[in-house]
Amino acid sequence: MTTISWTGRWVADRFGVEVDDVAAGSVRPLHELVGVALRRNPRRAHLLVSTVLGKHIPTDPRVVNGAGRQLGALVAERLQGETGAVVLGYAETATALGHCVADELGADYLNSTRRPVLGLDPLGGFEEEHSHATGHLLLPENPGLLARPGPLVLVDDELSTGRTVLNTIAALHALAPRRRYVVAALVDLRTPDDRDRMGAAAGRLGAMIEVVALAAGGVRWPADFPARAAQAVAGRRVATSNTKRPIATVHTGPAWPSGVREGGRHGFTPADQAALVAAGGVVAHGLAGALRGDRILVLGTEELMYAPLQIALALTDELGAAAEVRFSTTTRSPVFAVDEPGYPIRTALTFASHDDPADGPGERYAYNVAPGAESQRFTDIVLVVDDAADTPDLHAPGGLVAQLGRVCDRVHLLTLPAYRPPGALPEPLHGPAFGSYPADEVAWLLSDLSGHELEAPTEEREEAIQSGGAHYAESLPVEYQPSVEYQELFAVALAESAARLAHAVGVVTELVLAERGPQTVLASLARAGTPVGILMRRWAQRRRGLDLTHYAVSIVRGRGIDTVALRYLAAKHDPAQVMFVDGWTGKGAIARELAAAVASANADLGTVFAPDLAVLADTGHCVEIFGTREDYLIPSACLNSTVSGLVSRTVLNDELIGPDQFHGAKFYAALAGSDVSAVFLDAVTDQFDAVAAAVARDWPVLRAADRTPTWSGWAAVQAICDEYGITDVNLVKPGVGETTRVLLRRVPWRVLMRPDAAGELGHVTLLARQRGVEIIDVPDLAYSCVGLIHPGFTRPVGEAPA
C-alpha cells in the first residue's frame, strides 16, 4: 500500500485529507478516478468527485462511456458466462453508468428513481444513508424483471461503506430471493469492517455478494476535518457565476424520434439500447447545423444521463476534430465551489428544481458549467430534459435555462418524451409552451395536438355531425378571424361589461370558497371555463391572499369528462376540494353531462368528486353556485382561441388519444398577433377593487337565498323545439354565449332575440348579418337570444368537401 497526495490538492493541503491507493485488485489508480471537494451536507463533509462519470465535471463523453464499459467488462469476467443477469443502476449519479454496464453485458436494465410517477405504485424502495437525497423508488413496467433467478448486478459510482447496497439487497431479496449479487462500482472505498459486514449479510441471506471495481482504496482525514470543513464552507464565499451578460438565444433542438425510451426508469432492453443509440445519432445530426461555436457541452439533468451521453457521443463523431464536445449533468448534491487550482468544483450555478420529486422541491446545481479563472466559456450548451421536467420552473427568470443562457452563446433545449408505462399519468401542459396564459394561472390537463390537421369547413363538419358520421369533438372548426368591425364591438362590450363581470367573479369565488375552503382546487371546463377559472383564482389571490391551484380539463357532450384528468386530480389532491368551473349555462346540457360523468367516474375510480359546477352566469337556472343568473354578454364568448389563451376547443379523437392520455387540444401560436386573452383578463381584474364592497354585501345574501335549480332553461328550450319543429334539443343553443358559438362554429339557421336586449347584442347582429342568418324578434323569450342550428343540414348537391 502506498500513500499519495490527493489530486484535489486544495483540500489535501488545507485539511490533511489523503487517499490510500490499493494496487491489489485495482485496474486503475484510485487517485486518477476521483478528486475531493467540500460538501454542504451534515451527513458527510466531503464529496468524491469522479473524473470519469460525467456528473459534476464536464468530461469527454468517450471517457465516460469507456469507463462504464470497462466496468461492464469486469462484471462479465466475474460472471464467467452465467446468463440471465439483470442490471440495477442507482439514481441519480449512476444511471448512465448502469446503462453502460448493461450494454456491455447485453442485459436488461432498470435504474432507481427519486421521481414518483402518478398512477404507478412502486415495486419497492430503499434508503441511501449518507446521501443528500436518500429515498430511492423502483418503478419497473414489468414487476417480474427483478424476480428473475439470474444474477443481479448493482451499479453505483462509489462503494463507500456498502450500506446502501445492503439496504437494496435486503429489500429485493425479501421480494424475490436469488443466489448471486454482483456489486459494480467505479471505486471501492470500504474498510475491512465494511467488508466483514457485507460478508455477514451474505451469510444471513444464503447468497453470494461479490464486488468488482476499477479502483480500490480509502480516504483518510484528521478527526477535526468535518468541523473545520463545515466552518470553511460557512465562512467562505461560494464561486458562482455573477455575469451580467444578456441571456443567450434559446434554440429548440430537433425532435427525439417517436417511441424511443429515454432511459431505464421503467426498464430497458438491448433492443431499447439500439434504438436509443440510433436516436442519439439522429438528434446529433440535427443539432450540428445549429451550433454557434466549437466548445459544446451536452448537459443532462439529474437522473436523465444516458440519452444525453449518447447524444454527446454522436455529436463528437458528427463534428470530429472541428469541435470539443463535453458531457455532464445537473445534480442535487450541494458541493462547495472554489475557483482555485487543485480543487475539482470551480464554479456553481444554483437553480430551483423543475420536476416533481418524491421529496419535494429544492435547490439544484450545475458545476463547472460557468467559465472560471482557468476555463473557457462554452459556446453552446445542449440542455436535455424530459417532458416531465420541462416545466415553468425550468424557464423561470432564475431557472436553469436562464442561468445557462448567461454563461454561453446559445442554449439548445431538447425535451425528450418520457416513456410512461400503461397506467402512468401524463404531465400537464403550461404556457408559454402551450397556450398564452402564464404558467402559474392554469395547468392544462390536455394532450398537445398542435401538429395535427384537425380543422374542417363548417358545412362539412355540420353534415357529418348531424348525419351521425362523426362526433363534434373529433375535429375542429376553422378558427374565426374577426373583422375590424367585430374587434371594435368586442372592445366596446368589454369596456361596458368589465365591472359587471368583476362583480360576478367575486360573488361566485366567494361562494366557492365558502363551500370548499382555502384549499379549493379549481378545475375549469376547457375552454370557455378557463378564463373564468383564471379570474376566480385572481380574485382569491388579490382579495383573500389565497394561491389556488387551477387546472383546465375537458368534458365532451355525449362522451363525458376526461377520466384520465380526474385520475390525475385524485392523485395530486383531495377530490372533495375540487370545484368544477364553467363560463355559463345554457339549457344545462353540460351540467347534466358533468353530474352523470362524475358519478360514473367515482364508481370506476373509487373517488369522491362532487359534481358541483360553479359558473359566472347561470342563465338556465341549472346550478347552485353562480355569480349571476342574468343573460348578458360575457365578452370572452365573442371570440374563440384569441380570448382563450390561443387554445382550441378540446378534441376527443380515438385515432389520436390513447387510453392513458388526456383529451387533446391545439395551441394556435400563429395567432399571437390577434390574442386578446390578457386584455380580457386584465380589464376585468382592474375592476376588482371597485366592486369589492358590493361583492361583500351581495354574496352572503345570495348564499342564504334559495338557489335550487329550477331547470327553467331546459323547459324553455323544449318549448322552442315544439314551436319550430326541431326534434333534437342539442340544435337549440340558448343564451348569448351559446348563440355566439352557433354563429362562429356551426351552420346557423335562425337567431331568436328579445327586442329589449338587442342593444347589448351588437356582435350577434353583426355575425348574423355576415352569415346571412334571419333574426326573429321574440318579446317573451326567456333568454336574451337563442341560436338555432340548421336542422337536418346537408350540403347542396355537387358541393365537394374542401
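Strand S13, residues 295-300, runs parallel to S14, and six bridges join the two. Within this pairing, Ile-296 lies opposite Val-325 of S14. The model described here is a predicted one.

S13 and S14 belong to an open sheet of five strands, ordered S12-S18-S17-S13-S14, in which the pairing is parallel. Its edges are formed by strand S12 (249-252) and strand S14 (324-329), each of which pairs on one side only. From one strand to the next, the twist averages 20°.

## Mixed four-stranded sheet

A further open sheet contains four strands in the order S31-S34-S32-S33, and its pairing is mixed. Neighbouring strands here are turned against each other by 20° on average, direction ignored.

The pairings can be followed strand by strand. Strand S31 (residues 732-734) runs antiparallel to S34 and is joined to that strand by three bridges; the bridge partner of Val-732 in S34 is Leu-788. Strand S32 (residues 748-753) is likewise antiparallel to S34, through five bridges, and Met-753 stands opposite Cys-785 of S34. S32 and S33, by contrast, pair in the parallel sense over four bridges, with Leu-752 opposite Ile-776 in S33.

Strand S34 (residues 785-789) is mostly covered, and five of its five residues are buried. Both of its faces are covered: Cys-785, Gly-787 and Ile-789 are buried on one side, and Val-786 and Leu-788 are buried on the other.

H21 lies across S32, S33 and S34 and runs at about 150° to S32.

## Helix pair H13 and H21

H21 also takes part in a helix-helix contact. The axes of helix H13 (residues 484-516) and helix H21 (residues 762-771) come within 9 Å and cross at roughly 165°. H13 is therefore roughly antiparallel to H21, since an angle over 145 degrees falls in that class.

The crossing of H13 and H21 is left-handed. On the H13 side, Glu-485, Tyr-486 and Leu-489 form the contact; they meet Gly-762, His-763, Leu-766, Leu-767 and Arg-769 of H21.

## Helix pair H3 and H9

Helix H3 (residues 61-79) and helix H9 (residues 306-319) have axes that come within 9 Å and cross at roughly 125°. This angle makes H3 oblique to H9.

The crossing of H3 and H9 is left-handed. Pro-61, Arg-62, Val-64 and Asn-65 of H3 meet Leu-309, Gln-310, Ala-312, Leu-313 and Thr-316 of H9.

## Surroundings of Val-155

Val-155 is located in strand S9, which spans residues 152-159. Its relative accessibility is 0%, and Val-155 therefore counts as buried. Setting aside residues up to four places away in sequence, Val-155 touches Leu-71, Val-87, Leu-88, Gly-89, Tyr-90, Ala-94, Leu-97, Gly-98, Val-101 and Ala-184. One of these contacts, Leu-71, lies within the residue range of helix H3 (residues 61-79).

Val-155 and Thr-710 are 555 residues apart along the chain, and their C-alpha atoms are separated by 66 Å.

## Cysteines

The structure holds zero disulfides. Cys-721 illustrates this: the closest cysteine sulfur, in Cys-622, is 15 Å from the sulfur of Cys-721, which is too far for a bond, because a disulfide requires the two sulfur atoms to be within 2.5 Å.

Burial can also be stated for individual cysteines. Cys-721 has a relative accessible area of 5% and is therefore buried. Cys-100, at 2% relative accessibility, counts as buried, and Cys-785 in S34 is buried as well.

Terms used
Residues numbered from 1 in each chain as written. Predicted model: local features only at pLDDT ≥ 70, side-chain atom pairs only at ≥ 80, totals over all residues. Heavy atoms only, no water. Pairing = 2+ DSSP bridges. Axes fitted to C-alpha atoms, helices over the stretch in contact; angles between N-to-C directions. Buried < 20%, exposed > 50% of the residue type's maximum accessible area, 1.4 Å probe, protein only. Parallel < 35°, antiparallel > 145°, perpendicular 65-115°, else oblique. Left-handed = near helix turned anticlockwise from the far one by under 90°. Contact = heavy atoms within 4.5 Å.
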